[in-house]
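Colleague: I would like a close look at a single part of this model, with its surroundings described in order.

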Amino acid sequence: MYQATIDGVHLCSTNSVGGFDCISDPVAKLIVNGSDSFDFVLYPQHPVYPDVVCKVSRVKIWQDSKLIFYGTVTGYSETMDGVRTYSCEGALAWLNELCVPSYHLSGATPEQALSWYISSYNKAVRDKSKKFSLGTVTVKKAKRKDGTEGTIARSSGVHPSYWEEISQKLLDSFGGILRIRYSGADDCAGIIDWLAIPDATCDQDIRYAKNLMNCDWTYDATPIVTAVVPLGKKKDSSSEDDEFRIDIMKSNDTSMTALLAQLVGDDYVKSGDMVYSKSRVEKYGLIQKTVTFDDESAPDTIAYLGAVWLKQNGMASSTVSAEAIDIADIDESVSHFVCGDYVRTQLPGYEEEQLFPVTSIEIPLAAPEDARLTVGTQESGIASGGTTTGGGSISDVGSGSDAMAHTHANKGVLDKITEQDYTDFKSAVTKAHTHDNKDTLDKLTPSVWSELMAAKNKAHTHSNKDTLDKIDETSWTRVYGMSHEHDNKDVLDQITQEEWKSINSAKNKAHTHDNKATLDKIDDVSWLTVYGQTHEHSNKDILDKITASYTTEEKTKLAGIADGANKYTHPTTSGNKHIPSGGRSGQILRWSADGTAVWGADNNTTYGDVTQSAHGLMTAADKKKLDGIAAGATKVAVDSALSATSTNPVQNKAVKAALDSKSASGHTHTMITNSALLVSGANNTAKWVKLGTLVSSGNFSNAVIRVWSGDGANGRANQNSSFEVQIKDGWQSTESATKACGVTVYRVDCSSVKVKVIPTAHDTYTVWVYLPWTYWNGNYAVYGKYKSWTPQPLIQSDEPEGTGADTAYYDQAFLTSTVAAAQTLVDSGWQVPTFPSGISQSSIRYRKQGKIVSVTGSVKFSASTAAKTVLTLPEEYRPPKKIQQFNAVDSSSQPSFLTMIDTDGTVRFVGKTQGFFDTTSYYYIHCTFFVD
């Protein structure tokens with residue numbers, strides 16, 4: 001049974017009535033080495049519909065009692081009916097939400113590196129439920145010459161996400177299987193495992209004509225490498241832009257090749273700055289690749305590590321993948337497939353079963369019997385391309401196969417297997433297996449092996465000869481290439497050749513045990529059950545520090561200490577001292593020193609009445625006055641006349657005097673001339689309609705297009721809608737279609753109307769409108785200041801192409817409107833200013849009509865000058881901000897000059913050069929502005 005919840009509320013479930021009401025197509029996809037996903041379609045009738053919040057809402061999916069998905073809603077698409085298709089990401093995607101600070105990690109094993117990334121993320125994340133725990137890690141680094149596990153170095157200063165670092169600097173380098181076991185707890189999202197190979201096998205298998213849907217095979221020779229150029233640490237003189245590393249040129253070719261023959265194999269040769277494989281070069285030619293080991297500085301060690309890398313990598317890859325159905329929901333005798341586990345698979349053309357890892361599972365929750373999975377494996381080889389450090393600019397050896405690095409107790413024997421020996425074993429094994437005598441095989445010594453080799457050509461037969469004859473190279477690699485560890489590896493690694501001889505020579509000596517009857521009952525299974533189980537103590541760090549037995553005296557001491565007790569010494573510093581002893585009635589504590597008080601007499605203090613210059617007690621008169629003032633009251637100044645600048649209240653008589661000069665009733669306006677154009681072509685569907693093309697009158701000019709339409713024409717008032725499109729030509733220093741104009745749309749009872757004005761030149765605009773009704777026929781008219789309007793009726797379903805001008809919408813809905821009575825503007829008439837000295841003639845006048853001020857006329861100067869203040873406007877005629885404009889002289893052959901009207905009322909003429917204004921020309925000003 002599958003059940004899904006969102007924020008703890010039921011979303012859907014199988015095997016229940018109404019389990020999928022108002023939801024459809026819920027599909028979960030579980031994968032390895034990536035984030036799981038979950039998609040579903042939600043209808044508005046579902047109870048959780050209004051409460052789902054992207055990036056906040058949490059989704060959980062159970063398979064019976066097992067939590068198989070835990071993640072966050074990331075987004076949705078919505079139809080016009082409100083049906084939403086949601087997408088969710090699994091918890092591993094949270095590693096993409098935080099950036100890794102600058103760091104440098106060196107001398108770490110792969111497990112320690114992954115642990116560091118997870119610990120660093122957990123410290124940075126603020127939501128405890130998004131934290132992770134590190135689980136099982138079996139990926140290992142290739143061992144060094146001294147037998148210790150290799151280490152890696154990782155660093156970054158560009159702040160990538162945690163998932164990018166783990167994916168690129170661990171998974172890309174070592175391969176393996178990274179998966180999450182969800183917990184969904186308040187303090188932990190799940191446990192992350194990183195396995196070199198699967199650690200379990202599904203009890204459900206995949207077979208042709210049973211549940212196998214598809215399979216394919218691929219072979220890729222691109223990764224083939226025949227020689228490596230190994231490099232070590234950066235040289236001290238190296239910089240970021242000019243990188244130099246230690247190479248192997250100082251390593252002796254002859255002696256190093258001999259050493260490689262003993263440690264790696266006689267197929268590997270050191271030559272100059274590279275190590276190559278003789279057999280591969282002979283077959284494929286010279287194909288080089290650079291590998292980097294950031295932690296190494298010795299040329300001989302670098303050459304050895306390069307040979308190890310070449311031995312384990314650089315081979316062609318053979319990949320097989322299969323797609324199958326999970327039948328656990330229709331066959332209760334088998335369990336569900338688990339991502340990252342092995343599954344027994346029988347493919348077409350193969351008689352025997354093979355083991356493949358499950359790489360993805362897709363589960364449709366509404367029909368779990370249709371669940372499908374994908375399995376596959378990559379036999380050998382690494383991804384090719386460029387310089388490698390086992391995955392980018394990082395220091396490690398190898399790629400996917402490096403995660404399989406391991407050693408054998410009988411390594412000396414295995415290193416002596418020749419090509420002919422290998423051929424003798426071909427075609428024998430087609431599936432993973434173990435030997436009953438594995439302990440015996442692991443004990444083979446070089447001398448015993450030599451005896452076996454000497455006897456190998458003697459006439460003999462095998463009872464399983466048919467099986468041995470079927471072992472090929474691929475089968476051999478699959479079985480013996482699998483990495484493994486011994487539980488007592490630390491002990492086995494310490495056994496020397498001499499100690500083994502002593503143990504081997506003693507095993508057959510006659511002896512007895514006092515508990516022989518008990519020991520005789522112990523078989524391999526029982527032994528492994530007891531001593532093969534590894535475990536950890538939660539207080540391991542404490543237990544490791546215990547050096548002595550727990551004594552009776554310590555037990556007695558502990559019994560006398562209360563639960564939760566701690567050692568406490570009360571501080572004696574300032575602020576922590578107790579009330580002093582002593583004191584009596586009528587005394588108070590008085591200050592003595594910092595943090596110290598002493599008992600003293602409580603002396604009475606007398607106070608006089610308060611004055612304006614001294615503190616004291618409130619008088620009865622002050623109290624009476626205070627009681628007569630309302631709470632929150634303030635002093636208010638009331639003006640006796642109307643003012644354009646004052647914010648104070650005004651007397652009633654001043655308001656009435658102003659209203660008496662206004663019209664006492666409404667009035668009518670002359671009817672607008674019938675000049676509307678037709679908008680037609682509706683055919684029971686909403687459409688984009690091209691009205692035409694407008695050519696503006698230049699900078700600051702405005703044109704208004706008024707459209708009357710609506711939803712049908714059946715004589716109902718609610719079918720009438722209109723909107724107005726204001727297009728203002730923009731000022732540009734360099735004329736172009738970019739930002740040529742700004743558009744404002746005023747919509748009345750038509751909030752779904754859209755407008756797209758597409759500038760094709762600095763003063764030319766194509767006007768489109770989207771009419772959202774089925775029968776939208778109507779009219780439109782064009783007003784304002786513009787050069788031309790060309791009607792170009794065109795109807796289409798798709799939004800027109802092209803970049804639209806910046807557009808703002810303002811919505812209003814009303815059925816009635818009342819025009820207020822017109823106000824009579826106060827006209828000051830033309831006023832003649834007083835002109836300063838230096839002006840011989842002037843016709844400049846100023847006038848105020850309501851809030852509009854006009855200044856116009858010309859002046860003639862009595863002396864040449866570069867700048868001159870020609871008049872000062874009275875206070876009520878002054879602009880709220882400084883006004884500057886260019887004006888021409890009385891002859892078009894002369895240049896223009898600047899006129900400025902400042903907020904203090906000064907009107908100033910400014911020329912471009914010294915003596916610009918002469919004594920013979922007239923200089924004009926024409927300016928109109930609002931004073932409020």
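How many helices and strands does the protein have? And in what order do the 4 strands of the open sheet with mixed pairing lie?

Modeller: This is a predicted model, in which local features need pLDDT of at least 70 and side-chain atom pairs count only at pLDDT 80 or more, while totals for chains, interfaces and linings use all residues. Residues are numbered from 1 along each chain as its sequence is written, and side-chain values use heavy atoms, with hydrogens and water left out.

The protein has 19 helices and 42 strands; these are DSSP runs numbered from the N terminus, helices being H or I of at least four residues and strands E of at least two. The order in the open sheet is β16-β17-β15-β18, with mixed pairing; two strands pair if DSSP finds at least two bridges between them. From one strand to the next, the twist averages 25 degrees.

Inside the sheet, β15 (residues 227-231) and β17 (residues 274-277) run antiparallel and are joined by 2 bridges. Here V228 stands opposite V275 in β17.

Two helices complete the picture. Helix α3 (residues 253-263) lies across β16 and β17 and runs at about 160 degrees to β16. Helix α5 (residues 299-312) lies across β15, β16, β17 and β18, at about 140 degrees to β15. Contact means heavy atoms within 4.5 Å. Axes are lines fitted to C-alpha atoms, for helices over the stretch in contact, and angles run from 0 to 180 degrees between N-to-C directions.
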